[in-house]
Each structure stands twice: as C-alpha cells, then as structure tokens.
Amino acid sequence: MFHPFEGDLSQLKDSEIEEKIVELNRKYYQAYRLGKPELLTQISTFVTIYKDEMARRYAEKMQSSRKQMDGDLDQLINVE
C-alpha cells in the first residue's frame, strides 16, 4: 500500500517500524475513544502500510534463508 505522505520505509530499521506500529495503535484507540471515525480510517491506513512493510521484510528473510538451506543440501546429496 502506498500513501503520498509516507516516506520510504526501506530506510527504517525493523525496531523503528515496530515502534511506529505501537504508536499508531495507541493513537487509534485514543481516536476511537474520542469518536473520530475519519481519523480512525487514516490511522488504520498507516498501520496497514507499516504491517505490510514488516510482512515484506519477513518474506524476504524467509526466502533468503530457504536459499541458504537449499545450497547446503545440494552438497549433502550425492547422486551416482
């Protein structure tokens, strides 16, 4: 998901993204208590953006991990 007011998330560390998600969740519940549905929509959009970035990073890590494991198995299997 893309939002014009959000910068490049690839420059942030995982911990920074996690902190931002926690902060946005806190703000979401504050807006909910105040009865601001238009603000809830905006905040949930940004929460989704940050969660998508975390999921993308996790998928990349899993893919690189699988490639390393596949490379290790190639050396273990001898076909004659």
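## Ser64 and its setting

Ser64 is found in helix H2; helices here are DSSP runs of H or I with at least four residues, strands are runs of E with at least two, and both are numbered from the N terminus. With a relative accessibility of 37%, Ser64 counts as partly exposed. The class follows from the cut-offs, because buried means under 20% relative accessible area, exposed means over 50%, and partly exposed lies in between (1.4 Å probe, protein chains only). A polar atom of the Ser64 side chain lies 3.0 Å from the backbone oxygen of Lys61.

## Basis of the model

The model is predicted: local features need pLDDT of at least 70, side-chain atom pairs count only at pLDDT 80 or more, and totals for chains, interfaces and linings use all residues. Residues are numbered from 1 along each chain as its sequence is written, and side-chain values use heavy atoms, with hydrogens and water left out.

## Overall architecture

The protein chain contains 2 helices and 0 strands. Helix H1 covers residues 14-34, and helix H2 covers residues 37-76. Of the 80 residues in the chain, 20% count as buried.

The accessible surface of the protein chain comes to about 6600 Å², and 54% of this belongs to carbon and sulfur atoms. These areas come from the Shrake-Rupley method with a 1.4 Å probe, and for residues only the protein chains shown count as cover. Among contacts (heavy atoms within 4.5 Å) between residues at least 6 apart in sequence, 73% join residues at least 24 apart.

## Salt bridges and their network

The structure holds 6 salt bridges, each defined as a side-chain nitrogen of Lys or Arg within 4 Å of a carboxyl oxygen of Asp or Glu. A network of salt bridges links Asp14, Glu53, Arg56, Arg57, Glu60 and Lys61.

One of the salt bridges joins Asp14 and Arg57, with the closest N and O atoms 2.6 Å apart. This pair links distant parts of the chain, since Asp14 belongs to helix H1 and Arg57 to helix H2, 43 residues apart. Asp14 is partly exposed at 24% relative accessibility, whereas Arg57 is buried with a relative accessible area of 11%.

Glu53 takes part in salt bridges with two arginines, described here in turn. In the pair of Glu53 and Arg56, the closest N and O atoms are 2.5 Å apart. These residues are separated by about one helical turn, because they are 3 residues apart in helix H2. Glu53 is buried, with a relative accessible area of 11%, while Arg56 counts as partly exposed at 35% relative accessibility. In the pair of Arg57 and Glu53, the closest N and O atoms are 2.9 Å apart. Here the spacing is 4 residues in helix H2, so the separation is again about one helical turn. Both Arg57 and Glu53 are buried.

## Surroundings of Glu53 and Arg57

The side chains of Glu53 and Arg57 also make a polar contact at 2.9 Å. A polar contact is a pair of N or O atoms within 3.5 Å; within protein, one must be able to donate a hydrogen and the other to accept it, and residues adjacent in sequence count only if both atoms are side-chain atoms. Another polar contact, of 2.6 Å, joins the side chains of Arg57 and Asp14.

Leaving aside neighbours within four places in sequence, Glu53 is in contact with Leu9, Ser10 and Ile17. With residues up to four places away likewise not counted, Arg57 touches Leu9, Ser10, Leu12, Lys13, Asp14 and Ile17.

## Nonpolar core

A nonpolar core is a set of buried Ala, Val, Leu, Ile, Met, Phe, Trp, Tyr and Cys residues joined through side-chain atoms within 4.5 Å. The largest such core has 12 residues: Leu9, Ile17, Ile21, Leu24, Ala31, Leu40, Ile43, Phe46, Val47, Ile49, Tyr50 and Met54. H1 and H2 each supply at least two residues of this core, and the largest share, 7 residues, comes from H2.

Ile21 touches Tyr50, Lys51 and Met54, not counting residues up to four places away in sequence.

## Aromatic pairing

Rings of Phe, Tyr and Trp (its six-membered ring) pair if their centres lie within 6.5 Å; planes under 30 degrees apart count as stacked, over 60 as edge-to-face and the rest as tilted. By this rule the count comes to 1 aromatic pair. The pair is formed by Tyr28 and Tyr29 in an edge-to-face arrangement, 5.6 Å centre to centre with 90° between the planes. Tyr28 counts as partly exposed, at 27% relative accessibility.
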